[in-house]
Amino acid sequence: MMTPLTPLTDDEFHELDKFLLYEIDTEEVIMIDMMDGFLHAISIGPTTMHPGQWLPKIWGSENIMPPMESLDQLNHV
């Protein structure tokens, strides 16, 4: 059973990397290695940040949600 604390499998990790590299049409998107450090910094920081503050930085846009073709794709990512 998957939980939010279940680590990504190698296949899931590569799928997320591919999504960030090829599915988001901007030069501002954070790559997987940068995202790892970014999320660690957010998690150990002295204050709690709302996802609306940090998610747009990952997608390289003003939007909290990444560009998706369907709700199923969004839920999968």
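Modeller: Met65 is placed in the loop between H3 and helix H4 (71-76), where helices (H or I, at least four residues) are DSSP runs numbered from the N terminus. This is a predicted model, in which local features need pLDDT of at least 70 and side-chain atom pairs count only at pLDDT 80 or more, while totals for chains, interfaces and linings use all residues. Residues are numbered from 1 along each chain as its sequence is written, and side-chain values use heavy atoms, with hydrogens and water left out.

Colleague: What is the relative accessible area of Met65?

Modeller: Buried means under 20% relative accessible area, exposed over 50%, and partly exposed in between (1.4 Å probe, protein chains only). Met65 counts as partly exposed because its relative accessible area is 40%.

Colleague: Leaving aside its neighbours within four places in sequence, with which residues is Met65 in contact?

Modeller: Contact means heavy atoms within 4.5 Å. Once the neighbours within four places in sequence are set aside, the contacts of Met65 are Trp59 and Leu74.

Colleague: Where on H2 do its buried residues lie?

Modeller: The buried residues of H2 are Ile32, Met35 and Ile42. Seen down the axis of H2, they fall within an arc of 75 degrees (taken from the directions from the helix axis to the C-beta atoms), so they line one face of the helix.

Colleague: Against which helices do the buried residues of H2 pack?

Modeller: On the other side of H2, Asp33, Met34 and Ile44 are exposed. The buried residues of H2, in contrast, pack against helix H1 (10-23) and helix H3 (51-59).

Colleague: Which element gives the most to the lining of the second largest pocket?

Modeller: Among the residues lining the second largest pocket are Leu8, Phe13 and Ile32; a pocket is an open set of points on a 1 Å grid over the protein atoms alone, where a 1.4 Å probe fits, with protein on both sides within 12 Å along at least five of seven lines, and lining residues have an atom within 4 Å of a point. The elements that give two or more residues to this lining are H1 and H2. With six residues, the most comes from H2.
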